[in-house]
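Consider the protein model shown below. The paragraphs that follow lead through its aromatic rings and then its overall build.

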Amino acid sequence: LQTLCDTWFKQVQKVWLLRESNMSFPSEKKDDDEGLGYERPFRGVDKAHVIQEARMFNDPNVEPARCIQLMTKLLYLLGKGENFSSKESTESIFFPMTKLFQSKDEKLRRMMYLVIKELKPDSDCVIIVTSTLTKDMNATNDLFRANAIRVLCTITDTAMLTAIERYLKQAIVDKQPLVASAALVAGMKLMKSNPDVVKRWVNEINQAANDKSSQMVQYHALSLLYNIKKSDRLAVSKLVAQLSKTQLKSPLAQCLLIRYTVTVMAEGNTQDRSYYEFLENCLRHRSEMVIFEAARAICQLPNVSQRELTPAITVLQLFLSSPKPSLRFAAVRALNRVAMAFPLTVTSCNLDLENMISDSNRSIATLAITTLLKTGSESSVDRLMKQISSFMSEIADEFKIMVVDAIRALCLKYPQKHRVLINFLSTILREEGGFEFKKAITDTMLALINDIPDAVEPGLLHLCEFIEDCEFTYLSTQILHVLGKRGPKTSHPGRYIRHIYNRIILENATVRSAAVTSLAKFGAQVPSLRSNIITLLRRCVHDADDEVRDRSTFYGTILASESEPMIKKYIVDVVPHKLDGVQKAIEDYIEASDFTTSFNFAKAVTMPIHVPTKEAKKTPQQAVAEVAANAGSSIASKRQETGTIYADLLNQIPEFAGFGALFTSSPPVNLTESEAEYVVTCIKHVFPEHIVFHFNIKNTMEEEQLENVCVELDLSDCPGCSFVASIPSDAIKFEQPGMAYVAIRRTKAMANMFLKNCKLTFVRKEYDPTSGEVAPDGDEDDYPLDEIEVGLSDYTKPLSLPDFRSAWEAMTPDNDLSQVFRLEKYKSISDAVVAIQETLGMDACENSASVSSAARQHRLLLSGVLLGELAVLVRADLRTSASNVVEMKLMIRSQTPEVSEAVLEAVSS
């Protein structure tokens, strides 16, 4: 807000100066501005000219108008990003300008304050003006006082801040709102550099927050008070509880309090009804701004019920008929978001929304129509499509994309209406529009083709017509790929050949290559067309592009061989491979020089490749300590990045030399509270026949040193497992991390373990922080730790796939398993997605882990490699039932039935 005020003030000041001084700068040439009746005032202004003119500040008879004009030029150069050297800004501008403090001209002094703020002089120069600015802080002119506070808090450092702190405290409780607001805004800036100083002003800030004489002061005081306490969740809760019982005079402060209330409810996951009652009471506030903020806040609550939404929906419905466009726009946008999660609740507003379709503001009309598409019934689809067609050409592409997304959801909701909706999409697809708009339509039509069987043939025909005039290579190749995949399975596959071959004749090399591949798929899957396809491919062997020639030659040869297994392997069931993984595997194979075994191509395409980052080189111990410091922040897709770090560390320990290659390492798991005396996290390193438990230990006791630190585990509930080695940490000082290890051998490949009665044992010795001396004798002691669980996620390595669908279709379905679950303990689909990914330890493909908190249905795609290099793919379809319970249909596809059963068991448990 302060930045906006400063910017506004500068613009007003410039306009005022132009009017007062009637100034005009010399221009070298005329431009189009002259046709509008004015000249550009800053034409020809340069740094050298301004520095030379700055000598006028030294004149004994200062002319305020000329000085103001020069400072305006200087502000223009600074705002444009012109760099002034230290000598130029100090000797040529700053020192001469300080003499202007003797002037009593308010306008001149105002410009001086602005220039000093923008110049940001160094500490030596600040001392010169501090005394003058401090004097201005105590002047009788309120304008001087407010501006002096702003400038001082911008240019001063920590050492000088203590000298003016008492003046700032007095200014916060000043009776003049301009001065008090300036001090509070200055405090917000100082919170970034000197938070400890500002925290000492809490009493004065509280007094300003309770002062009802000025609305702006109350708003600034509440904002600063929250910034001081935001790191303390309990203090923020008390602040919100206290202020929610009083009536704030400032509507802006009331809006802030509403936002803070929502934050407390979200972070604390509290069931306290008083917070919701406060929001509901705000719906009856006299300010429209507060009413809307409260309604929007209720709609955004994470676990809001339909009954709790009703008052907010009623208020937003009243705003729909407001004469103010801003209120109508805000209300319809809020309803649009609510309709994603609670469409039935918004249906009561449908009549008002239909009246808004003809609103002169097309942004409002677009939001109204998209909301109706989410809440409308099947019988209203035809009528809505006619209304949309009337204004689609009048709105911007970003609003068109919103309409397309709404149509996609509507078509999936009412599949019987796919023909009407696809015809509408094909009509707007032929209209003018940018890439994002065309891509949104194309993606929608492809989604409908994939999910609605009856939409395949009409959708493909419309896409064929589109690529005849498509100017975007990406969209053409995408459509050609879908034609090659879906077209051969339609009732009349021959109708698509003409459209595909036209692309070979008319398009660029990239599209021609995609068209050749698409033709080959038709020839492979439609025997009646194979001879004609081979003829067309032979016409392409003399193409100017080598990729087109290679593809046509390769596919033509395969099709001419009439070998069905070869055709299926190289044309139909082709899985996209990670070529970087294949390249790395070949390099490792050649470097090993062991050619007694053949190269394993299947393993190469599924093995995740670690990409080293360009960071400062660290020892393995430093790298592991850094990972442990962020315990709990890692996700499954990041585990492969830390695998190399752990492998380097474990390879240095002789006791683990015979364990073989490290398969995977788990994220750090907390075994104690973060505020405990001894903070312990555990990382599980999985080898072919062993597991190494790696413990990171942190001593938070300042006057203690721990020695001979080790961890004891109880294997009584783990049949077939035995201890191999235990490596203690010699000594752990205050705030210094230590590491201990326990290695066990398991007989079962992927044994589930639950280790109870875990404890940390050590010798505790007294330590003097000042002298660094350690007592010679110590006491043996132990500290209980949480249980350690080893499950499927610890035996799984995430696998990133570029095309999940192709990989799914390429893997044999013989070992498929599926089951339906009711996930009653999860409140939303987003929570369930996080839990499933953590349980399985796999990587989410195609950005399927991103899901809105208000989503009602979602598809999660996971891929991973289990111990033994066994690939597994998981597809989870989640939806929220009418009783707000998350339901999931799980599909598992893997290379062996044992892997599928293990994944299903992990989810079931």
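Y678 and Y783 are both buried, a term for residues under 20% relative accessible area, with exposed meaning over 50% and partly exposed in between (1.4 Å probe, protein chains only). The model is predicted: local features need pLDDT of at least 70, side-chain atom pairs count only at pLDDT 80 or more, and totals for chains, interfaces and linings use all residues. Residues are numbered from 1 along each chain as its sequence is written, and side-chain values use heavy atoms, leaving out hydrogens and water.

A pair of aromatic rings is described by the distance of the centres and the angle of the planes. Rings of Phe, Tyr and Trp (its six-membered ring) pair if their centres lie within 6.5 Å; planes under 30 degrees apart count as stacked, over 60 as edge-to-face and the rest as tilted. By this rule there are 14 aromatic pairs. One of them joins Y496 and F522, which are tilted, with 6.4 Å from centre to centre and 50 degrees between the planes. Because Y496 lies in the loop between α27 (473-486) and α28, and F522 in helix α29, this pair ties together parts 26 residues apart in sequence. F522 is buried, at 0% relative accessibility.

The ring centres of Y678 and Y783 are 5.3 Å apart and their planes stand at 90 degrees, so this pair is edge-to-face. Y678 belongs to strand β3 (residues 678-686) and Y783 to strand β10 (residues 779-784), so the pair ties together parts 105 residues apart in sequence. Helices (H or I, at least four residues) and strands (E, at least two) are DSSP runs, numbered from the N terminus. The protein has 39 helices and 17 strands, and 49% of its 909 residues count as buried.
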